[in-house]
Amino acid sequence: MTNAIISLELDRGISDDARRLGGMVALTRGQLLSGVVRIDAESPIKSRGVDVILLWQTSGKGTTTTKDAVRVRILDGPVPAGRSEIAFNLDVPLAPLTYMGTLLKVQWILRVRIDRPWALDQVEDQVILLT
């Protein structure tokens, strides 16, 4: 099975509200998020496609919940050999906001996923703050 190197670069020029805080990207609810996904593959990768997913996850005391808020398919079919650069745009949801409490945490994750049939999907995650 061929693995790829996935990198995610967010476009900072789209909103004055996007800023770096402690190594995490801070986004304002309702803003447009755009960027580029780069995939370096030594050989073609059999896949159903590549998705960009903005999801939130709760953790703490009790059950952990994960929910996709926005999912965009940026490439259908196999990933070609070499470097692929794929632009994406998505609207940041209005809620829930990032929260880091003692008993409950709500965390946002921007995920790139290569959807592989009959194999483990390859993912790259970037934690973000939704303010």
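Predicted model: local features only at pLDDT ≥ 70, side-chain atom pairs only at ≥ 80, totals over all residues.
Glycine 35 sits in strand E4. Is glycine 35 buried or exposed? At 8% relative accessibility it counts as buried, because the cut-off for buried is under 20%. Leaving out residues up to four places away in sequence, glycine 35 touches Glu9, Leu10 and Asp11, and also Ile86, Ala87 and Phe88. One of these, glutamate 9, is 26 residues away along the chain, and the two C-alpha atoms are separated by 5.5 Å.

Now the sheet around that glycine. Three strands form an open sheet in the order E1-E4-E7, and the pairing is antiparallel. Which strands stand at the edges? They are E1, residues 4–10, and E7, residues 82–91. Each has a single partner strand, so one side of each is left without a neighbour in the sheet. On average, neighbouring strands here are turned by 20° against each other, direction ignored. Strand E4 covers residues 32–41, and its antiparallel pairing with E1 runs over seven bridges. To place that pairing on the model, take serine 7: its bridge partner in E4 is arginine 38.

Aspartate 91 lies in strand E7. It is exposed, with a relative accessible area of 52%, because the cut-off for exposed is over 50%. Again leaving out residues up to four places away in sequence, aspartate 91 touches Gln31, Leu32 and Val70.

Proline 96 lies between E7 and strand E8, which is residues 99–100. The peptide bond leading from alanine 95 into proline 96 is cis, with omega near 0°.

Next, the pairings of E10. Strand E9, residues 104–115, pairs with E10 in the antiparallel sense over seven bridges. Within that pairing, arginine 113 stands opposite valine 123 in E10. E9 and E10 form a hairpin with six residues between them. Which residue in the turn has a positive phi? That is tryptophan 118, at about 55°. The positive value occurs in a residue other than glycine. Tryptophan 118 belongs to the loop between E9 and E10, and with a relative accessible area of 88% it is exposed.

E10, residues 122–130, has a further pairing, with strand E3, residues 24–27. How do these two strands run, parallel or antiparallel? They run parallel, joined by three bridges. One point to locate on the model is leucine 27, whose bridge partner in E10 is leucine 130.

Stepping back to the whole chain. The protein has zero helices and ten strands, so the pattern read along the sequence is β-β-β-β-β-β-β-β-β-β. Among contacts with a separation of 6 or more, 68% are between residues 24 or more positions apart. Buried residues make up 41% of the 131 residues. The accessible surface comes to about 7300 Å², and 52% of that belongs to carbon and sulfur atoms.

On overall dimensions, the C-alpha atoms fill a box of roughly 45 × 35 × 20 Å, taken along the principal axes. What radius of gyration would a compact globule of 131 residues have? It would be near 14 Å; the protein has 16 Å, which agrees.

Last, confidence. The average pLDDT is 87, and 90% of the residues score at least 70. Where is the pLDDT below 50? Residues 13–18 are such a stretch. Beyond near neighbours in sequence, residues 13–18 have eleven contacts in the model.

The cis bond is the one from alanine 95 to proline 96.

Note on methods
Residues numbered from 1 in each chain as written. Heavy atoms only, no water. Pairing = 2+ DSSP bridges. Helix = DSSP H or I, 4+ residues; strand = E, 2+ residues; numbered from the N terminus. Axes fitted to C-alpha atoms, helices over the stretch in contact; angles between N-to-C directions. Rg over C-alpha atoms; globule rule 2.2 N^0.38 Å. Buried < 20%, exposed > 50% of the residue type's maximum accessible area, 1.4 Å probe, protein only. Contact = heavy atoms within 4.5 Å. Areas by Shrake-Rupley, 256 points an atom, 1.4 Å probe, with all protein chains shown as cover. pLDDT = per-residue confidence, 0-100.
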